[in-house]
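Please take a moment to look over the sequence and the model before reading on. The paragraphs that follow go from the overall layout to single residues.

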Amino acid sequence: NQVNILEQESKMFQKQYDLLIDQHINGTDNEMSSELQGRIPNEKAPDTVLESLDKLSKQYNVSISSLRSNGKTVENDENSILQSNTYSMDVEATNISQLNSFIDAMEESGRYMIIRTLSLYQSEQGSTLSITFETFHTNF
């Protein structure tokens, strides 16, 4: 079922991140672990997520009509180094290519995130994107 799959993904990612932290602490840090650590902030920082999305929406001429924090994901353990939050967002644009560019920019942003669901709708009035994504932060 979907919850078990998400829990397994989260545990796998947690193990990978813990390994990277151990490598860093033990001085065996490598380029990949540095890059990943740089993409996962040391605090929740929802304002940074909002600012980044607002900047991208202006850059790609799209309008964020709804943004909701769904809170911590089910598989989070309070003692875990890695924590995550899930957001749902609706975005509107005059054409679907603007939304595609916006999605690409989200994926290329400096913050590590996983897109969980994505739906694109196109009509004569415009295009709409509904997306659910998960962001991560450490618990230091």
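**From the overall layout to single residues**

Read along the sequence, the chain follows the pattern α-α-α-β-β-α-β-β, and its secondary structure comes to 4 helices and 4 strands. Helices (H or I, at least four residues) and strands (E, at least two) are DSSP runs, numbered from the N terminus. This is a predicted model, in which local features need pLDDT of at least 70 and side-chain atom pairs count only at pLDDT 80 or more, while totals for chains, interfaces and linings use all residues. Residues are numbered from 1 along each chain as its sequence is written, and side-chain values use heavy atoms, with hydrogens and water left out.

Of the 140 residues of the chain, 38% count as buried, where buried means under 20% relative accessible area, exposed over 50%, and partly exposed in between (1.4 Å probe, protein chains only). The chain exposes about 8,500 Å², of which carbon and sulfur atoms supply 48%; accessible areas come from the Shrake-Rupley method with a 1.4 Å probe, and for residues only the protein chains shown count as cover.

Two strands pair if DSSP finds at least two bridges between them. Strand 2 and strand 4 pair in the antiparallel sense over 12 bridges, and strand 3 (residues 113–123) pairs with strand 4, also in the antiparallel sense, over 10 bridges. A hairpin through 2 residues joins strand 3 to strand 4.

Phe133 shows how these pairings come together, for Tyr87 stands opposite Phe133 in strand 4, and Phe133 is also the bridge partner of Ile115. Next come the aromatic rings. A pair of aromatic rings is described by the distance of the centres and the angle of the planes. Rings of Phe, Tyr and Trp (its six-membered ring) pair if their centres lie within 6.5 Å, and planes under 30 degrees apart count as stacked, over 60 as edge-to-face and the rest as tilted. By this rule the count comes to 1 aromatic pair. Tyr87 and Phe133 form this pair, which is stacked, with 5.5 Å from centre to centre and 20 degrees between the planes. The pair links distant parts of the chain, since Tyr87 lies in strand 2 (residues 82–93) and Phe133 in strand 4 (residues 126–138), 46 residues apart. Both Tyr87 and Phe133 are buried.

Thr135, also found in strand 4, has a relative accessible area of 2% and is therefore buried. Not counting residues up to four places away in sequence, Thr135 touches several residues, including Val49, Ser84, Tyr87 and Met113. Ser84 in turn is found in strand 2 and is buried, because its relative accessible area is 1%. The side chains of Ser84 and Glu134 are joined by a polar contact of 2.7 Å.

Is Asn61 buried or exposed? Asn61 lies in the loop between helix 3 (46–59) and strand 1, and at 58% relative accessibility it counts as exposed. Although Asn61 is not a glycine, it has a positive phi of about 55 degrees.

Definitions and conventions:
Contact = heavy atoms within 4.5 Å. Polar contact = N/O pair within 3.5 Å; in protein donor to acceptor, adjacent residues only side chain to side chain.
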